[in-house]
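This report goes through one chain, from its overall layout to single residues. The sequence and the model are shown first.

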Amino acid sequence: MPHDHDHPHDHDDHAPIVEDATPGYYEVMETALRELLIAKGLITAAEIRRQIEVLDSRTPALGAKVVARAWTDPDYRARLLADGRAAVEELGISVYDDTQLIVLENTETMHNLIVCTLCSCYPRPVLGLPPDWYKLKPYRARAVSEPRKVLEEFGTVLPEGMEIRVSDSTSLVRYLVLPRRPEGTAGWSEEALAALVTRDAMIGVVPVTLSQEAA
Ligand code: FE
């Protein structure tokens, strides 16, 4: 629906943003709790704003950088597998939420998949916010009960003999999948390798492939 205002670009292709007059239950609760904490002097509005900025600054590009470094530097890879948190902090990625980070390496015989069966625990410091499907019940339940079928729905068909290990995240322990480096990338720069690594590959629902870059 076209609407009148005085700047020139065309809005025909999307709906106008409409403020919902009545906030929902959780919105009211969040506002009340936030205002109370500020009024009691326990946190400041500036601290909240800063934390939201930190959360918004995290994207899968950070995880991709970690993966590319692990692929090109065997010593780094060893440190990453031994202590994920310390190794990502080495690259300047702060783990702000006091969680442990365990990096799970895919091999020729083992494929890792991560899930939070309870809610939406996710390695946010290195991947940002989880995709919607990660938070929904079908994925949370079926990743555990029929992982091979779930992977097939993502287009990932693993060889019969490949073991699939599903790791259930918690509020204290988060996982990141270290995917296999694709064939045909010998000699590639870290930047070029990082560009191949997708969010979904670091969740473990797809492999890293050369064609993803072009897709
Ligand atoms: Fe959770």
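Of the contacts (heavy atoms within 4.5 Å) between residues at least 6 apart in sequence, 63% join residues at least 24 apart. This is a predicted model, in which local features need pLDDT of at least 70 and side-chain atom pairs count only at pLDDT 80 or more, while totals for chains, interfaces and linings use all residues. Residues are numbered from 1 along each chain as its sequence is written, and side-chain values use heavy atoms, with hydrogens and water left out.

Along the principal axes, the C-alpha atoms occupy a box of roughly 55 × 45 × 40 Å. The chain has twelve helices and four strands, taken as DSSP runs numbered from the N terminus (helices: H or I, at least four residues; strands: E, at least two). An automatic or database assignment divides the chain into domain 1 (23–56) and domain 2 (59–203). The centres of domain 1 and domain 2, taken over C-alpha atoms, are 31 Å apart.

The accessible surface, from the Shrake-Rupley method with a 1.4 Å probe, is about 13000 Å², and carbon and sulfur atoms account for 57% of that surface. Of the 215 residues, 34% are buried; buried means under 20% relative accessible area, exposed over 50%, and partly exposed in between (1.4 Å probe, protein chains only). There are 22 positive and 34 negative side chains, with 7 Å between the centres of the two sets. Lys and Arg count as positive, Asp and Glu as negative, and His and the chain ends are not counted; each charge is placed at NZ of Lys, CZ of Arg, CG of Asp or CD of Glu.

An iron ion is coordinated by Cys116 (SG), Cys119 (SG), Ser120 (N), Cys121 (N) and Cys121 (SG), at 2.1 to 2.8 Å. Donors are N, O and S atoms within 2.8 Å of the metal (3.2 Å for Na, K and Ca); water is not among the atoms, so sites may look incomplete. Along the chain, the donors of the iron ion follow the spacing C-x2-C-S-C.

| Residue | Relative accessibility | Class |
|---|---|---|
| Cys116 | 1% | buried |
| Cys119 | 34% | partly exposed |
| Glu153 | 52% | exposed |
| Asp98 | 62% | exposed |

Glu153 belongs to helix α9 (residues 147–153). Between Glu153 and His14 there are 139 residues in sequence and 31 Å in space, C-alpha to C-alpha. Asp98 sits in the loop between α5 (84–90) and β1 (100–105). Phi of Asp98 is near 60°, a positive value in a residue other than glycine.
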